[in-house]
Amino acid sequence: MGERSPLLHEDWHYVEHLDQPDMTVSDWSRLSVQRKIFYPEFQARAVLNLFESGKDEPTFGYQVNHYRHALQVATMMVRDQRSEEDIVVGLLHDIGFHACPERHGAFAAELLGSYVSEANVWMLRHHQVIGETKAADAPDHNEPMDFSRWENHEHFAWTLEFCQRYDERSMDPDFDAKDIDYFVPLIKEVFAYPGTQPDFS
Ligand SMILES: [Fe+2]
Ligand SMILES: [Fe+2]
C-alpha cells in the first residue's frame with residue numbers, strides 16, 4: 001500500500017473512499033469539518049512557503065532579487081505606518097514574479113483577492129503596467145508611459161503612489177530591511193478569515 005500524506009492534525013481522519021463519485025455523506029462531512037480548520041491554520045504557511053521559495057533566487061540584472069525587493073517595499077511601508085493590510089499587499093505584490101512574469105500583477109491580485117480591499121486588488125493587478133515609467137512597446141523603451149486610460153479610475157492614485165513611492169525605489173542592496181519573521185503575524189492575520197469566492201458566472 002502506498003504511503004498516505006500526513007494529516008494536519010493527528011486526531012483527524014482520512015476519508016474512506018479514493019474517488020469523489022464514491023464518497024459518502026459522512027466522507028463529505030468529514031472533509032468539510034476538517035477543511036474549515038485547515039485553511040485558517042495552514043493557508044498563511046502555504047503562502048509563506050511560496051514567498052520564501054524566492055529567497056535565494058538569482059536576478060536578471062537588478063542588484064537584489066524579488067524576495068529582498070519585497071521585504072524592502074514592506075519595510076518602507078512599516079516605516080510609513082501604513083495599515084497591516086497594505087504592508088502584506090506590499091510584501092506579496094511580486095510573489096508571482098518568476099513563476100508568472102507576464103501576469104504577475106494578476107497572480108498577486110488573485111492570491112489576495114478574497115482578503116483585501118478592492119483598491120488593493122486593483123493596485124496589485126495594475127502595478128506591473130502602471131509601474132512602468134517608460135512605455136515598454138516604444139522604440140528604445142524611451143517614451144514616457146501614457147497613463148490617460150487609467151487616470152480617472154478611483155484606484156489609480158493609490159496604484160501610482162505604491163509604484164512611485166515604494167515599488168520603484170526598493171532594489172537597494174544596502175537597505176536594512178526587516179526579516180520575514182517580522183511579517184509572519186501580519187500574513188497570518190490577513191489569511192485567518194474565510195475568503196470570498198469569485199463570481200463564476
Ligand atoms: Fe511587480
Ligand atoms: Fe515590485
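Helices α3 and α7 are roughly perpendicular to each other (the label for 65 to 115 degrees), because they pack at an angle of about 105°. Their axes, lines fitted to C-alpha atoms over the stretch in contact, with angles running from 0 to 180 degrees between N-to-C directions, are 9 Å apart. Here α3 covers residues 84-92 and α7 residues 180-190; helices are DSSP runs of H or I, at least four residues, numbered from the N terminus. E84, E85, I87, V88 and L91 of α3 meet F183, L186, I187, E189 and V190 of α7, contact being C-beta atoms, placed from the backbone, within 7 Å. That gives 7 nonpolar, no polar and 3 charged residues (nonpolar: Ala, Val, Leu, Ile, Met, Phe, Trp, Tyr, Cys and Pro; charged: Asp, Glu, Lys and Arg; polar: the others, Gly among them).

Keep in mind that this is a predicted model, where local features need pLDDT of at least 70, side-chain atom pairs count only at pLDDT 80 or more, and totals for chains, interfaces and linings use all residues. Residues are numbered from 1 along each chain as its sequence is written, while chains are lettered from A and ligands numbered from 1 in the order in which they are written.

Now for α4 (residues 104-112) and α5 (residues 118-130): their axes come within 6 Å and cross at roughly 160°. The pair is therefore roughly antiparallel (over 145 degrees). Among the residues making this contact are H104 and L112 of α4 and N120 and Q128 of α5. By class, the α4 and α5 contact splits into 6 nonpolar, 6 polar and 1 charged.

Methods:
Helices (H or I, at least four residues) and strands (E, at least two) are DSSP runs, numbered from the N terminus. Angles under 35 degrees count as roughly parallel, over 145 as roughly antiparallel, 65 to 115 as roughly perpendicular and the rest as oblique. Two residues are in contact if their C-beta atoms, placed from the backbone, lie within 7 Å.
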